[in-house]
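I opened the notebook to go through this structure piece by piece. My entries follow in the order I looked things up.

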Amino acid sequence: MITSIKYHFALLFWVAACSCVFGQNPVPARAQQSPFAVTGATVHVGDGTVLDNATILVSNGRIESVGAGGDVPAGYETVDASGKEIYPGLIALNSQLGLVEINSVRATRDDREVGLMNPNARALIAFNTDSQVIPTIRSRGVLLAQATPEGSLVSGTSSIMQLDGWNFEDAAVKADDGIHVHWPNRNSYNWLTGRIIPNERYDEQERELEAFLEQAVGYCGRPEGDGERLLKFEALCDVIDGGAKAYLHAEEARDIQAGVLLLKRMGASPVIVGGYQAHLIPEFLKREGVPVILGSTQALPAAQDEPIDQPYRSPALLADAGVEFAISHEGYWQQRNLPFVAGQAVGFGLDYEKAVEAVTLTPARIAGIDADYGSVETGKSATFIVVSGDLLDMRTSNVEHAFIDGREIDLDNKQAELYRKFKEKYDRQTSR
Amino acid sequence: MTQRLRPVLLPAFLLFSIVLSAQTTFPYNGVYDQADRYYAITGVTVHVSPDQTLENATLVIRDGLIESATANGEVPRGAVPVAADGKHIYPSFIEVYGNYGMPEVERSRRSRSDGPQMESETEGAYSWNQALRPETDAAALFTIDAKAAKAMRDAGFGTVSTHHHDGISRGAAAVVTLAESSDNEVLLKRDVAHHLSFDKGSSGQDYPNSRMGTMALLRQTYLDAEWYGEGDRRETNLSLEAWRDLQDLPQIFEVEDWQNALRADKVGDEFGVQYIIRGGGDEYQRLEALQESGASFIIPLTFPETYDVSDPFAADMISLAQLRHWERAPGNVAAVAEAGIPFVITADGLDKPGDLHEAMRKAHEAGADERTLMIALTTGPAEMLGIADRVGTLEKGMLANFIITDKSPFTDKATIYQNWVQGYPFEIKSLNATELATAYDITVGDESFVGEVSGDPGSQKMTLSTEGDSTKTDVSYSESGGVLTMRFKPEGEDGYYRITATPDGEGYSGTGRDARGRIVSFRATPRTGNDSGNSRESKKDDAEASESEEYVSRLTYPNIAYGLPTMPEAKTVLFRNATVWTNEEQGILQEADVLVQDGKIAGVGQGLSDRGATVIDATGMHLTSGVIDEHSHIALSSVNEGTQSSTAEVRMADVVDAVDENIYRQLAGGVTVSQLLHGSANPIGGQSALVKLRWGASPEEMMFEGADPFIKFALGENVKQSNWGDASRVRYPQTRMGVEQIFENYFSRAAEYDRAMRAGEDMRRDLELETLAQILNDERFITCHSYQQGEINMLMELAERHDFRVNTFTHILEGYKVADKMAEHGAAGSTFSDWWAYKFEVDEAIPYNGALMYEQGVVTAFNSDDAEMARRLNQEAGKAVLFGGVPEEEAWKFVTLNPAKMLHIDDRVGSIKVGKDADLVLWNDHPMSIYARAERTFIDGKEYFNREENEERRLALGEERNALIQASLDAKNSGGKTQPPRGNSRRLLHCNSLDHHNEENHDH
């Protein structure tokens, strides 16, 4: 426990450590050995509430209690977090973290399988815990990520991973949490001419998707052993009985509606991913009980005539309309900016705690891991971060400690190592 | 080249021509029987020219020429009389922009997977570039195309200036008529005009693949041709010879829109050439600038069909700009005429020549008067092409090229009966054809019917019904030589009636057989009270009424969503009580005032006052100088030429696109100045453009006046084409070894070129080497796209060998490794705050890069290279505080003062200091906070963005969109043609954006 260690001291510790681990990711933290308490911080619980001067007791990886004030029992080490902010570990939904290492190098990409129907492609299997990108992401407070296959029309099955694991098995928090359906594009964009034209094959693709899902419903309803084993349909059975989520990637209002109705017909529980126009159909989404994983706020408006700040404002519009939503960001290395992507919405009318919830508890609820993750509450996993400042604002977003299941994880990363290495180069020059 | 006839010679020419023109060099088989086509058309209104009309006149033509047009004239003895009582004769139209009789243009079928085509595939001693085809001679290519000729004649054309629409230089046009007698007779004149365009046409050669590359190629061709003609050269170049020969002709340049018209005009101006512009039909959007260009225009009448907006979601694809253009395009002709810009009209671009009439009527309804339209299709083109002595009017001695109509083809729905070309009559519709009345009382034997007629003459339909019964029977009928043949099966009868009838003065009468084969008499008497004359008049009233109708759409600068209704003016403004980030020694001032006068900062301090000033209460707000983006690709039509390892000759200033909504969006992020860079596809890219984001201004007006010129260089994976696929293994270089050699080679050559030019040797002016020599002479400065330390060191050392400095490394993600050397060399670093991992060469990029460079004394900036991120560069500056602990005041300079220093404009912008430009941003919060919003953005003291006004504009544009959609639905419901929604969307250009690659590539 480095509870009383100040920031610069931590730096020295890293310098000492770096000579032996350089070029490698930090060693995953040990399971929690002894109970500890974090005191004095302002806790952003994740459900919209804030606790001032709170004490959090943690043992065996779980939060024993959390509340304002409160004594620290004997035998607990104490982390004095006075004046600091505590947030649940952020959850990056719809990310390719661990699936892609260097975007332009094909050999390092494992996010997209060939063909249109890949429900049986499992991101879990390709998730690389030794990705050098991962430590840079968790150093910004993102502790869990949904490893998500890309593609169309059914890109594959995602899994929820914690970001401090030896291998994909022990990193998996929830394996195979859902499949990803990408609604066909109604329009195709000719990049050469700058023209958007209707996708001639839209109807055909929609029918193809519908027929595929209907086949799966039939397949999954068969008695065991009746007919040949078909992996693609088998992969959908969990979704059809509602055990796993059906993530519907769709931006336009009419696609969202059509997709939700289709997925509900087959018995699935849909979640919208992207949802650029979700703010236009709040009543539909509430009636159907469908949550939305909004695409990044740090994006351009979808069209010339759109409000110039539409992506910034969409979260506030959904919040005002009472639609359940999470906020996400694109890609893999980009996920380190997830806190700011949430903060951006605060600048355009979203309540601060709501923004926190949209990257913590709501994603946990959507992914079905909220019994353990997503908020700093008694009985849940001790997965939270300590920040000296405002997590959502880059001015002060200094993440000092991060805990996953009560394990304090190493926030060092390749980039910090390189920083120290070249600081050392210049320090030697000045000391010469 | 044929000498143009001087007017004084004209009468003599005409005398001889009458006698001799019938002579040809061709032998004749048999007994010669070619009459001299001597005709007198009587009883007509002859519209001799736009200024002269003769009522009840006789037009006499002979041997293909006009002999006379006289009011109440006699039919000369020997002439064949043609009675056309009550009809009108107009000079037939002249198409200035035809491709009649030309071979098809075959587009190159090369695809990306074929790899680049570095050299021309034209065989022979022609230009190095396949798109330069000045040797093309339309006269030599021309051959009569009867089918195309008929289509154009039916539309009223008689004469065409035709050229092969292929390439950047398309060679010489030829004037031909639409007669079909012989190629030799219809070809009137060769070498009429030199045609140019920005379109490579059939050329599959890589260079040029961008608009600025095309413009550079044009410039160099002018220079090459001049050099070629000035002495004995070691090459014979038939293209340059042809180019030189074409220079005294009218130079006609085809463009797509008003911005490209200005681009073409700019190139012309540089070489003393005034192009005639074949425009895009959107001239009304920027009349002033086009008028100033001094160009005449050839305007197409291509109006967008109504968008089918029935599906509300599909309609979302259509932009307000598209809807506006749909409404206003027909008014373009009137607007251009009103502005006094000389112009003619072309049918080029229409689906078929016959669409011209409806388009003209629309233009007329939208305000273009008859005389204007007539000039634009007759005397205008004739004068433009230097053939006004042959065609365009019906004066004596002109070619007998005219049409016979029932009314004005410019303003009314006219019928063209005959089109005469070189004295050859072509019948389109019989002069004697009877137009049916709208309704007849019909008796057949003992039966009585009502016949109702609908549709236009020539394609009228008739139905039959019994009085009082709504059941209608279709009548099949045909009319030939005045004889009407009909067939119909009345309701309740088992067989057909078959009738023939002829006009009887009132209606028709005749005989036929009834359903049982018995002979019956037939009579059709027109019903009175609803004759077509009345309905026509009421139609005309409608047309006049619609002229005075207001447009639903607004016209803004630029004419897209969020355009400004008027350009902002510089005001005296006093910001009171702000937190002022001066970027000067005073640091951050609390509760301070800033005074702006005449576009400049006039005062900074406490308690300022100015009686005339607009006071802005900035209590609780932050005032900063405008954000400067050192690396941007917005507001550009193209980014990469990139087809050769050096394209130093291309200029981004050529392709600034003032109609980019990202300009406005970035003003809303506090950006006021952007350096618009060439891409990173090749080691030596193009010349940079520095602009202020003056939303609504023309590209020229956006330029940052008097700034030092820069050029983009690039290193690493992009210039090696590492990520472009296996087809891209042809163009040099493919390794970092080759990259260095390219630089070494070009700078050596540039130095030698510069020496020779200074020594006054007989040299061809080379725009590429000239640009590089400017670098050697410290007259131009480098912004170099770079990633890895080795290549950064390489370029600095190479520069030092050639005795110059690398001004700026951009991207420079490994700058932190060599920051000490950069500081020593004097290079600045403009980087991303935190990008990495997107390609191999950024594997060791770190977000502390900015801080480390800053600490080593490198002038450091954060740039965007991205239309999205540029909207929040203020936040990116905040990341320099987060990663590496740069003091806030210094971090803020990363996006303001430091880029100004790199661009050598810190004497003008980058801080809040008396005398500097009033480029100011008022923020609602600490400017580097994620929560900060730019509330108001000023450039030169003019307010270009105001968040409250933006909100009003957003609501207003929603209303305007809706009004236009309602108008579209009205137009659809009243039977107008529609087109399915087709959207326009801007390509988001990055470093790697290649114009010929059909995909988006984010690997910066």
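I started at Gly367(B), which takes a positive phi of about 115° just after helix H12(B). I am working from a predicted model, where local features need pLDDT of at least 70, side-chain atom pairs count only at pLDDT 80 or more, and totals for chains, interfaces and linings use all residues. Residues are numbered from 1 along each chain as its sequence is written, while chains are lettered from A and ligands numbered from 1 in the order in which they are written.

Next I looked at the helix itself. H12 of chain B covers residues 356-365. Helices here are DSSP runs of H or I with at least four residues, strands are E runs of at least two, and both are numbered from the N terminus. I listed the buried residues of H12: Leu356(B), Ala359(B), Met360(B), Arg361(B), Ala363(B) and His364(B). Buried means 20 or more other C-beta atoms, placed from the backbone, within 10 Å of the residue's own. What covers them? I found that the cover includes helix H11 (332-338) and helix H13 (370-377) of chain B.

Then I turned to the domains of chain B. The bounds come from an automatic or database domain assignment. I noted domain 1 (94-106 + 128-219 + 246-392), domain 2 (439-534) and domain 3 (627-909). The centres of domains 1 and 3 of chain B, taken over C-alpha atoms, are 39 Å apart. I found 16 residues of domain 1 in contact with 20 residues of domain 3 in chain B. Contact means that the C-beta atoms of two residues, placed from the backbone, lie within 7 Å. Which helix gives the most to the domain 1 side? It is H5(B), with six residues.

I moved on to where the chains meet. The contact takes 42 residues from chain A and 58 residues from chain B. On the chain A side, strand S10 (187-190), strand S11 (195-198), helix H7 (253-265), helix H10 (338-346) and helix H13 (414-431) each give two or more residues. H13(A) has the largest share, six residues.

Last, I checked chain A as a whole. I counted 13 helices and 18 strands. Of its 432 residues, 52% count as buried. The C-alpha trace spans about 70 × 55 × 50 Å along its principal axes.

Key. Buried ≥ 20, exposed ≤ 12 C-beta atoms within 10 Å, placed from the backbone.
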